[in-house]
Amino acid sequence: MDQNAYLDAALQKLHDEGRYRTFIDIEREKGAFPHAMWTRPDSTQVPITVWCGNDYLGMGQHPVVLEAMHEALDATGAGSGGTRNISGTTVYHKRLEAELADLHQKEAALLFTSAYIANDATLSTLPKLFPGLIIYSDALNHASMIEGVRRNGGAKRIFRHNDVEHLRELLAADDPATPKLIAFESIYSMDGDFGPIEAICDLADEFGAMTYIDEVHAVGMYGPRGAGVAERDGLMDRIDIINGTMAKAYGVMGGYIAASEKMCDAIRSYAPGFIFTTSLPPAVAAGCAASVAHLKTDQTRRDQHQMQAKILKMRLKGLGLPIIDHGSHIVPVHVGDPVKCKMISDRLLDDFGIYCQPINFPTVPRGTERLRFTPSPVHGPQEVDHLVKSMDQLWSMCELNRAQLTA
């Protein structure tokens with residue numbers, strides 16, 4: 001077998017479709033986020049502004065977080081030394097789980113190395129705990145949720161995105177005695193739209209289903225203590241399992257679920273994705289705990305974040321650009337063509353020092369390619385001004401038909 005021929009064909013397909021992904025080398029500047037240095041292919045370094053990062057609140061460089069990580073690193077060294085079951089559970093892991101359980105007002109929380117693994121491991125394990133379980137999954141759920149549902153070997157039902165009536169039809173069609181779980185998100189990251197949490201909880205009560213919500217793009221940023229949209233809407237107590245991350249608003253890395261003590265204990269005991277994975281380094285857990293604790297009281301940072309998102313949307317709309325606006329902090333600009341999307345992204349970087357990675361299939365459906373801007377409290381007026389003027393110039397230069405794109 002000619003391995004190279006197969007690999008060349010697979011990679012060429014991505015190039016032909018305009019969706020081959022290029023990684024750029026950037027070095028974040030401590031204390032200067034969102035500014036960074038980009039190392040070009042010719043090894044020269046150029047200052048850039050990051051406009052597509054998930055460090056939504058700039059907590060990845062907050063002094064409280066860095067101090068906690070330094071202290072833990074000096075006290076314990078680099079790695080955890082093992083899985084949680086074998087020497088990899090430290091005071092820092094337990095402290096973080098306690099902070100997360102308190103954040104979501106649940107009995108317990110369980111750490112994973114990422115929110116992807118938390119979703120995959122939990123959703124793939126639940127049928128072992130609830131034989132015959134049917135999972136009802138929103139059609140636009142994250143890939144990690146889809147993978148977990150796919151791998152669990154149990155029954156699944158896919159309901160149309162945010163379509164509560166379709167979900168009702170699916171629930172009503174199944175045996176009332178069968179265990180059921182509804183899996184959905186609070187904020188869908190590509191369009192920035194909100195899930196109908198209360199309506200789904202009402203259906204769950206009516207049909208005796210459990211609820212599983214992914215709050216990855218909401219924790220830290222919504223609710224009076226940053227617990228997410230369910231907290232903002234007063235619905236946390238109606239959610240059985242909450243999934244979240246420390247890699248976005250909290251600025252570090254790692255994922256988790258928050259639920260009842262028995263649920264966390266059962267997932268801990270049965271999920272291979274938890275059992276056989278080395279635990280987070282203690283310094284990382286310490287930084288996460290510090291970030292979660294800080295954001296429970298830093299409402300100013302949340303307010304600034306929302307204000308920056310509103311300002312950017314308003315200004316881009318003022319140019320006539322096709323903004324997808326559902327009221328969240330995510331600012332997608334619809335391009336609708338992978339080649340043009342990458343062209344604008346490349347020109348933003350090369351000509352204006354603005355880094356915004358193109359979003360193409362399979363992350364979004366074909367024909368919905370976009371640039372996804374993620375403003376933060378530390379993107380100031382100058383950064384916003386520069387982005388808006390650059391987008392205005394490039395949109396014209398690329399001869400995109402605005403009227404057609406916004407139709």
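Author: This is a predicted model. Start with β1, residues 25-28: 4 bridges join β1 to β2, and the two strands run antiparallel.

Reader: Which residue in β2 is the bridge partner of Asp25?
Author: Thr39.

Reader: How many residues sit between the strands of that hairpin?
Author: There are 6. Gly31 in this hairpin has a positive phi, near 80 degrees.

Reader: What reaches the backbone nitrogen of Gly31?
Author: The side chain of Gln61 does, at 2.5 Å.

Reader: Where does Gln61 lie?
Author: In the loop between β3 and α2, the latter being residues 63-76.

Reader: Is Gln61 buried or exposed?
Author: Buried. Its relative accessible area is 13%, and the cut-off for buried is under 20%.

Reader: What is Gln61 in contact with?
Author: Leaving aside neighbours within four places in sequence, its contacts include Arg28, Glu29, Lys30, Gly31, Ala32 and Phe33. Asp55 and Leu66 are on the list too.

Reader: New topic. What is the strand order in the open sheet of 3 strands?
Author: β13-β16-β15, with antiparallel pairing. β13 (331-334) and β15 stand at the edges. Each has a single partner strand, so one side of each has no neighbour in the sheet.

Reader: How many bridges pair β13 and β16?
Author: 4, in the antiparallel sense. His334 stands opposite Arg370 in β16.

Reader: Which helix packs on the sheet?
Author: α13 does, touching β15 and β16. The direction of α13 makes about 45 degrees with that of β16.

Reader: How far apart are the end C-alpha atoms of α13?
Author: 20 Å. The helix has 15 residues, 338-352, and at 1.5 Å a residue α13 should span 21 Å, so the two values agree.

Reader: Which residues of α13 are buried?
Author: Pro338, Cys341, Ile344, Ser345, Leu348, Leu349 and Phe352. Seen down the axis of α13, these buried residues fall within an arc of 135 degrees, so they line one face of the helix.

Reader: What do the buried residues of α13 pack against?
Author: Among the elements are β2 (35-39), β3 (45-50) and β14 (354-355). The others are β15 (358-359), β16 (370-373) and α14 (381-397).

Reader: What caps the N-terminal end of α13?
Author: Asp337. One of its side-chain oxygens lies 3.0 Å from the backbone nitrogen of Val339.

Reader: And which residue follows α13?
Author: Gly353, with a positive phi near 65 degrees.

Terms used. Residues are numbered from 1 along each chain as its sequence is written. This is a predicted model: local features need pLDDT of at least 70, side-chain atom pairs count only at pLDDT 80 or more; totals for chains, interfaces and linings use all residues. Side-chain values use heavy atoms; hydrogens and water are left out. The expected span of a helix is 1.5 Å times one less than its number of residues. Buried means under 20% relative accessible area, exposed over 50%, partly exposed in between (1.4 Å probe, protein chains only). The arc is that of the directions from the helix axis to the C-beta atoms. Contact means heavy atoms within 4.5 Å. A polar contact is a pair of N or O atoms within 3.5 Å; within protein, one must be able to donate a hydrogen and the other to accept it, and residues adjacent in sequence count only if both atoms are side-chain atoms. Two strands pair if DSSP finds at least two bridges between them. Axes are lines fitted to C-alpha atoms, for helices over the stretch in contact, and angles run from 0 to 180 degrees between N-to-C directions.
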